[in-house]
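Please keep the sequence and the coordinates in view while reading.

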Amino acid sequence: MNPKYNLKQITSTLEKLFDAGFNTEKKILMMKMEDLSRINNLQSNEPLIIIELKEAIKNKEIIAFFSGTKTKNDKQRKGDEIC
């Protein structure tokens with residue numbers, strides 16, 4: 001599952017993260033599922049955007065995330081290399 005999000009969706013999600021205090025890479029990476037309750041007015045697709053953003057930060061693939069060029073196969077290969 002690798003939907004391509006448009007920049008408007010990503011920007012909206014980032015604004016909500018920043019407003020909730022998740023304004024650095026470290027804070028975003030440390031987010032737990034329970035922390036989603038601190039974020040106001042999340043749309044149905046925004047938790048998925050947050051998960052994808054966390055993965056992009058962890059893998060140093062921010063531009064690929066924003067451009068929507070990261071493929072499912074890329075993720076599987078990365079996961080295989082880590083294990």
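**From a buried threonine to the whole chain**

Thr 13 counts as buried, with a relative accessibility of 2%; buried denotes under 20% relative accessible area, exposed over 50%, and partly exposed the range in between (1.4 Å probe, protein chains only). The model is a predicted one, in which local features need pLDDT of at least 70 and side-chain atom pairs count only at pLDDT 80 or more, while totals for chains, interfaces and linings use all residues. Residues are numbered from 1 along each chain as its sequence is written, and side-chain values use heavy atoms, with hydrogens and water left out.

Thr 13 is part of helix α1; helices (H or I, at least four residues) and strands (E, at least two) are DSSP runs, numbered from the N terminus. Apart from neighbours within four places in sequence, Thr 13 contacts Glu 46, Ile 49 and Ile 50, a contact being heavy atoms within 4.5 Å.

How many salt bridges does a search of the whole structure find? There is one, defined as a side-chain nitrogen of Lys or Arg within 4 Å of a carboxyl oxygen of Asp or Glu. It joins the side chains of Lys 16 and Glu 46, at 2.9 Å from N to O. Because Lys 16 belongs to helix α1 and Glu 46 to helix α3, the pair ties together parts that are 30 residues apart in sequence. Both partners are classed as buried: Lys 16 has 17% relative accessibility, and Glu 46 has a relative accessible area of 3%.

The largest nonpolar core has 16 residues, of which Leu 17, Phe 22, Met 31, Ile 39, Leu 53 and Phe 65 touch the most other members. Such a core is a set of buried Ala, Val, Leu, Ile, Met, Phe, Trp, Tyr and Cys residues joined through side-chain atoms within 4.5 Å. Helices α1 (7–19) and α3 (46–58) each supply at least two residues of this core, and the largest share, five residues, comes from α3. Setting aside residues up to four places away in sequence, Ile 39 touches Lys 16, Leu 17, Ala 20, Phe 22, Met 31 and Ile 50.

Overall, the protein has five helices and zero strands, and buried residues make up 28% of its 83 residues. Mean pLDDT, the predictor's confidence in each residue from 0 to 100, is 84 for the protein. Confidence is highest in helix α2 (residues 25–29), at a mean of 97, and lowest in helix α5 (residues 72–82), at 49. Where pLDDT is low, the predicted coordinates should not be read in detail.
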